[in-house]
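Please read them beside the structure shown below.

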Amino acid sequence: MGWGPLPWVYVSDIFPTRTRHYGLATASGSQWLFNFVVSKVTPTLELDLGYKLFFMFAAINIGGMATFALILPETKGRLLEEMDIVFGAVSAEKRQGEIQKQERVLDQEVHSQRSEDHIDEKV
């Protein structure tokens, strides 16, 4: 048991839609790279350290648990559109302003379309 699956789960939540493909590609590549390094180094470490290898991996897992629990923000129950706010890329006020601006544009388009439909009905 270890922290190997954590990057696969976490990176699927943290990237906003516009940069998700870059983030997932980088995360996937680094995950495969570190899996390769660990699989190549473990036999040598087993010969050199013996049973102490277990304690080394246990210390790494405990350190990872502390790091993940204290540093990484929780993403459970959050929308993908909120990730910019969670990670500080944009303020909540700015995001809300952008949403309201887009809603006004959509409302104008809907109102314009209804007016055109109403005129077509009269003709």
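1. Phe 54 has a relative accessibility of 59% and is therefore classed as exposed (exposed means over 50% relative accessible area, buried under 20%, and partly exposed in between, with a 1.4 Å probe and protein chains only). The model is a predicted one, in which local features need pLDDT of at least 70 and side-chain atom pairs count only at pLDDT 80 or more, while totals for chains, interfaces and linings use all residues. Residues are numbered from 1 along each chain as its sequence is written, and side-chain values use heavy atoms, with hydrogens and water left out.

2. Two aromatic pairs are found in a search of the whole structure (rings of Phe, Tyr and Trp, the last by its six-membered ring, pair if their centres lie within 6.5 Å; planes under 30 degrees apart count as stacked, over 60 as edge-to-face and the rest as tilted). Tyr 51 and Phe 55 make an edge-to-face pair, with 6.2 Å from centre to centre and 85° between the planes. The ring centres of Phe 54 and Phe 55 are 5.5 Å apart and their planes stand at 70°, so this pair is edge-to-face. Tyr 51, Phe 54 and Phe 55 form one aromatic cluster, and both Tyr 51 and Phe 55 are exposed.

3. UniProt, in an unreviewed entry, places a "transmembrane region" at residues 53–73; its positions are given in the numbering used here, feature names are shortened, and annotations may be inferred rather than shown by experiment. Over residues 53–73 the chain is 86% helix and 0% strand, with the end C-alpha atoms 31 Å apart.

4. The chain has five helices and zero strands (DSSP runs numbered from the N terminus, helices being H or I of at least four residues and strands E of at least two). Of its 123 residues, 12% count as buried. Val 37, which lies in helix H2, counts as partly exposed because its relative accessibility is 37%.

5. On confidence, the chain averages a pLDDT of 81, and 89% of the residues score at least 70 (pLDDT is the predictor's confidence in each residue, from 0 to 100). Confidence in the chain is highest in helix H2 (residues 20–49), at a mean of 90, and lowest in helix H4 (residues 83–86), at 72.
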